[in-house]
Amino acid sequence: MLIGSFFIAASFNMFLLPNRIASGGVSGISVILNTLYQIPPAYTQWALNIPLFIVGILVLGKYFGVKTAVGSIVLPLFVLLTAHLTPPTHDPLLASLYGGLGVGIGLGLVFRGRGSTGGLDLAAQIVHRVVGLRLGLAVAFLDGLVILSAGIFISLENALYALIGLFATSKTIDIIQTGFQTSKAAFIISKHPELVSKAILHELDRGLTKLQGVGGYTGDDRPVLLAVVGQNEVLRLKLLVRDADPDAFVIITNASEVLGEGFHDGSRLL
């Protein structure tokens, strides 16, 4: 949480604030108020985090509230301490990309610690807990409201750059949450399930699960084989299935996160 808060604060002061990019959250609100009234961003963030912190305790519990308190206090403090950092670029496009990337890394680390930096990030955690919405999507939705305000009070051009930063933040959060490795889930319907199973188990050295299926037209029982493989194993899987049963029906889809034997637990990446 501390490392994530530092990433957010440094990215905010080096890229977003100097270029007036309100890419969402309480930090985005602080950019708007700083532009209009020259209020120091750290003070705005502290002021807005307090009531949301109280709501977080009521909804998410005292244990989560303690972690939220750390983030709510430490993040504005880091914003205050890193205010002297020199902006490496005044190109708003580069600033939105680099700023969005840095904020996404920071938020992803904080979320992985099951904490929150407070503010609208805390609201995103509440939505994720109650509704089950992906954290990246929840952050994108709530931050979009702030960006709309930025378009009204700052400029439409800055709001467009903020959207770019928001997109970079959302995608980076998902990467930090699920890791860089993308697995594939293959559903295989074959008239020769035993041959296909043998090829996957012994030649590909991957496990599989047999699901019970019924043909929609024939009404016949038809087992559906489910196998999860790495990205680099997809081609070999298709070749093995083709050799075992050229008429097999294969569906391959993305599996953003796979936990269990033979696959890395995403929490071990940190």
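The axes of helix 1 and helix 5 come within 7 Å and cross at roughly 165 degrees. That makes helix 1 roughly antiparallel to helix 5; angles over 145 degrees count as roughly antiparallel, under 35 as roughly parallel, 65 to 115 as roughly perpendicular and the rest as oblique. The crossing of helix 1 and helix 5 is left-handed. A crossing is left-handed if the near helix is turned anticlockwise from the far one by less than a right angle, and right-handed if clockwise. Axes are lines fitted to C-alpha atoms, for helices over the stretch in contact, and angles run from 0 to 180 degrees between N-to-C directions.

On the helix 1 side, the contact residues are Ile3, Gly4, Ser5, Phe7, Ile8, Ser11, Phe15 and Leu16. Helix 5 contributes Ala95, Tyr98, Gly99, Gly102, Val103, Ile105, Gly106, Leu107, Leu109 and Val110. Contact means heavy atoms within 4.5 Å. By class, the contact of helix 1 with helix 5 has 12 nonpolar, 6 polar and no charged residues. Here Ala, Val, Leu, Ile, Met, Phe, Trp, Tyr, Cys and Pro count as nonpolar, Asp, Glu, Lys and Arg as charged, and the others, Gly among them, as polar.

This is a predicted model, in which local features need pLDDT of at least 70 and side-chain atom pairs count only at pLDDT 80 or more, while totals for chains, interfaces and linings use all residues. Residues are numbered from 1 along each chain as its sequence is written, and side-chain values use heavy atoms, with hydrogens and water left out. Helices (H or I, at least four residues) and strands (E, at least two) are DSSP runs, numbered from the N terminus.

| Pair | Angle | Axis distance | Handedness |
|---|---|---|---|
| Helix 2 (residues 25–37) and helix 7 (residues 135–153) | about 15 degrees | 9 Å | left-handed |
| Helix 7 and helix 8 (residues 156–178) | about 170 degrees | 9 Å | right-handed |

Helix 2 and helix 7 pack at an angle of about 15 degrees. That makes helix 2 roughly parallel to helix 7. Gly25, Gly28, Ile29, Ile32 and Leu36 of helix 2 meet Asp143, Val146, Ser149, Ala150 and Phe153 of helix 7. The contact of helix 2 with helix 7 has 6 nonpolar, 3 polar and 1 charged residues.

Helix 7 and helix 8 are roughly antiparallel to each other. From helix 7, the contact takes in Leu135, Gly136, Leu137, Val139, Ala140, Asp143, Gly144, Ile147 and Gly151. From helix 8 come Leu156, Ala159, Ala162, Leu163, Leu166, Ser170, Ile173, Asp174 and Gln177. The residues of this contact of helix 7 with helix 8 divide into 11 nonpolar, 5 polar and 2 charged.

Aspartate 174 sits in helix 8. At 18% relative accessibility, aspartate 174 counts as buried; buried means under 20% relative accessible area, exposed over 50%, partly exposed in between (1.4 Å probe, protein chains only). Aspartate 174 touches Arg134, Gly136 and Gly179, not counting residues up to four places away in sequence.

**Other buried positions**

The C-alpha atoms of phenylalanine 111 and isoleucine 176 are separated by 9.1 Å, and the two residues are 65 apart along the chain.

Glycine 56 is in helix 3. Glycine 56 is buried, with a relative accessible area of 1%. Not counting residues up to four places away in sequence, glycine 56 touches Gly61 and Leu122.

**Positive phi in loops**

Most residues other than glycine have a negative phi. Arginine 20 has phi near 55 degrees, a positive value. Glutamine 38 has a positive phi of about 60 degrees. The loop between helix 2 and helix 3 (41–60) holds glutamine 38, which is exposed at a relative accessible area of 58%.

**Annotated spans**

An unreviewed UniProt entry places the feature "transmembrane region" at residues 44–61, 68–87, 93–111 and 131–154. UniProt positions are given in the numbering used here, feature names are shortened, and annotations may be inferred rather than shown by experiment. Residues 44–61 are 94% helix and 0% strand, with end C-alpha atoms 25 Å apart. Residues 131–154 are 83% helix and 0% strand, and their end C-alpha atoms lie 33 Å apart.

UniProt, again in an unreviewed entry, places "domain: DUF2179" at residues 206–260. Over residues 206–260 the chain is 20% helix and 42% strand, and the end C-alpha atoms are 12 Å apart.
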